[in-house]
Amino acid sequence: MSNILVRLGMTTTQMFLELIRFLEFIGEVAVTFFHVLRKPKYIPVKSILSVIENSGVYALPIIALLSFLIGMTLTYQMGLQLKNYGANIFIVDLLGLSILREFAPLMTAIIVAGRSGSAFTAQLGTMKIREEIDALRTMGVKPSEILVLPKLMGLVLVLPLLTIWSIGFGLLGGMLISKTMLHVSYRDFIERFYQAVPVRYFYTGMIKTPLFGLVISCIGAFRGFQVTSSGDSVGVETTKSVVQSIFFIIVVDAVFSVLFSWLKL
Amino acid sequence: MTNIIVVDKLKTYLGGAWVHKDVSFSVKKSEIVAIVGGSGCGKSVLLREILSLLKPTGGYIELFGKPQSKMSEKGLFDFLRRVGVLYQGGALFSSLSAFENIAFPMRRFTNWSEKEIKTTVLKKLASVELEPDVSDKLPSELSGGMQKRVALARAIALNPELLFLDEPSSGLDPKNTAIQDNLFWSLRESLGLTIVMVTHQLITLSSIVDKIIFLGEGKVLASGTYEELKANKNPDIYTYFHTERVKRGEGDGIAR
């Protein structure tokens with residue numbers, strides 16, 4: 001019995017300490033961010049571009065493919081129901097709502113968390129084990145400045161763009177199945193889309209994406225710095241990084257849903 | 001002679017145990033000091049604390065006459081400018097070439113022109129006996145010993161006044177260990193460099209080190225020259241300096 005209590009207590013303190021370390025980390029990153037913002041010549045443009053290339057450009061094919069498949073599956077499943085009522089054309093309304101507001105932002109963020117969040121953690125973790133982080137510090141460089149900031153700025157910039165890409169391919173997949181299964185022609189689809197899907201669906205979906213980028217980069221980097229000197233812990237932290245990123249992406253998404261329903265958006 | 005480093009009553013609590021209970025010593029200018037002791041006695045931790053990478057639990061550290069606890073961010077930057085560090089595994093930045101690694105502190109701390117940086121990098125490479133063609137290679141394309149030498153070139157890139165070496169001879173063959181020891185000696189002789197190292201290499205301890213600080217039980221068990229420590233009767237120190245391996249090593253002049 002006491003064993004359970006002891007473990008509960010230890011886990012609680014550990015989580016609490018981790019929270020404090022995370023806040024400390026966020027604070028340091030924020031200070032560095034505003035410091036760099038004040039002196040724009042310190043903005044690490046080259047590193048940001050490399051993050052955009054690795055986390056953005058190279059993710060285009062996989063995001064296109066998965067979004068296309070999701071668009072197809074969604075249309076197929078919803079089409080089955082709509083067909084019963086002969087309400088085929090309403091597939092456009094449903095697709096517009098679900099893809100623009102939820103599926104594209106969430107899918108993109110989850111794919112990026114799996115691809116890049118994990119890579120950030122593994123990279124920083126390995127650098128920590130190889131004492132490269134210490135070496136940076138003893139050369140007067142804050143690791144948050146050259147290692148965290150480019151990732152953060154890169155992802156915040158690239159995630160909205162990837163989401164637009166994902167919306168495009170999701171709708172394409174939907175259009176294809178609408179035509180073959182529900183006999184909604186491409187032309188009808190596009191016309192209905194203009195009528196039925198308000199622009200605010202797009203905005204409400206897009207406004208979340210920079211935040212997702214922030215979540216993925218901060219958690220990815222933070223977990224990397226938590227790596228201790230064993231090779232084991234790179235694996236452990238990388239797992240934690242992906243799980244926590246996805247967890248918080250969904251939490252942020254839920255918070256936005258509640259917020260939007262309050263604001264009647 | 002002035003004290004470069006003063007450590008007084010240093011205490012460290014780490015991972016649920018006291019690593020240092022009461023560590024006090026000082027390092028004078030142009031001295032070569034070695035910190036030795038069994039594994040897990042907090043040698044590397046001590047180095048990290050002096051370098052402000054880790055905050056000690058208690059005690060006082062003074063660097064170049066200034067208390068570490070009162071150092072501002074600017075003060076720390078100025079201190080780091082005067083210091084070179086050689087890490088155990090080299091700690092070269094894996095995404096940068098050997099050249100960029102050695103140039104890194106120059107770009108960070110100085111506003112030298114590209115030309116000045118280039119000549120200095122080549123000079124430093126020569127001083128660790130590496131060919132200039134190494135400079136374009138990535139750390140992963142170099143052997144362990146070469147990485148170590150590039151890392152040393154990076155550590156001495158800005159002619160530091162104080163050099164920290166964490167097991168400088170690990171991963172080096174006896175020949176390169178000897179070359180390295182000669183280099184340390186000549187740096188001290190020519191530039192008045194102060195060196196603090198963590199090492200297990202008895203040949204280094206007996207040849208170039210002025211003072212050995214023996215850590216154990218969370219404090220400084222003894223400090224003095226190689227001969228003084230060798231004559232020490234404390235069982236920990238005695239076994240450290242009198243194992244069979246050591247005697248054989250001394251016989252043929254190679255530390256193995």
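Predicted model: local features only at pLDDT ≥ 70, side-chain atom pairs only at ≥ 80, totals over all residues.

Visitor: In which sense do strand 1 and strand 4 of chain B pair?
Guide: Strand 1 of chain B covers residues 3-14 and strand 4 of chain B covers residues 58-63, and five bridges link them. One of the facing pairs sets B:Ile5 opposite B:Leu63 of strand 4. The sense in which these two strands pair is antiparallel.

Visitor: Which residue takes a positive phi in the hairpin of strand 4 and strand 5 of chain B?
Guide: Strand 4 of chain B is also joined by two bridges to strand 5 (residues 66-67), the two running antiparallel, and here B:Glu62 stands opposite B:Pro67. Two residues lie between the strands of this hairpin, and the one with a positive phi, near 50 degrees, is B:Phe64.

Visitor: Is B:Glu129, with its positive phi, buried or exposed, or something in between?
Guide: B:Glu129 is not a glycine, yet its phi is positive at about 60 degrees, and its place is the loop between helix 4 (114-127) and helix 5 (144-155) of chain B. Because 13 C-beta neighbours lie inside 10 Å, B:Glu129 counts as partly exposed.

Visitor: How many other C-beta atoms lie within 10 Å of B:Glu167?
Guide: B:Glu167, again not a glycine, has a positive phi of about 45 degrees and sits in the loop between strand 7 (162-166) and helix 6 (174-191) of chain B. A residue is buried at 20 or more such neighbours, whereas B:Glu167 is classed as partly exposed because its count within 10 Å is 19.

Visitor: How far apart are the end C-alpha atoms of helix 9 of chain A?
Guide: Helix 9 of chain A (residues 209-225) is mostly covered, with 13 of its 17 residues buried. At 1.5 Å a residue its 17 residues should span 24 Å, and this agrees with the distance in the model, where the end C-alpha atoms are 25 Å apart.

Visitor: Which element gives the largest share of the side of chain B that touches chain A?
Guide: In the contact between the chains, 16 residues of chain B meet 10 residues of chain A. Helix 2 (73-81), strand 6 (83-86) and helix 3 (98-109) of chain B each give two or more residues to that side of chain B, which by class has 12 nonpolar, two polar and two charged residues. The largest share, four residues, comes from helix 3 of chain B.

Technical notes: Residues numbered from 1 in each chain as written. Chains lettered and ligands numbered in written order. Buried ≥ 20, exposed ≤ 12 C-beta atoms within 10 Å, placed from the backbone. Pairing = 2+ DSSP bridges. Expected span 1.5 Å × (residues − 1). Contact = placed C-beta atoms within 7 Å. Nonpolar A, V, L, I, M, F, W, Y, C, P; charged D, E, K, R; others polar.
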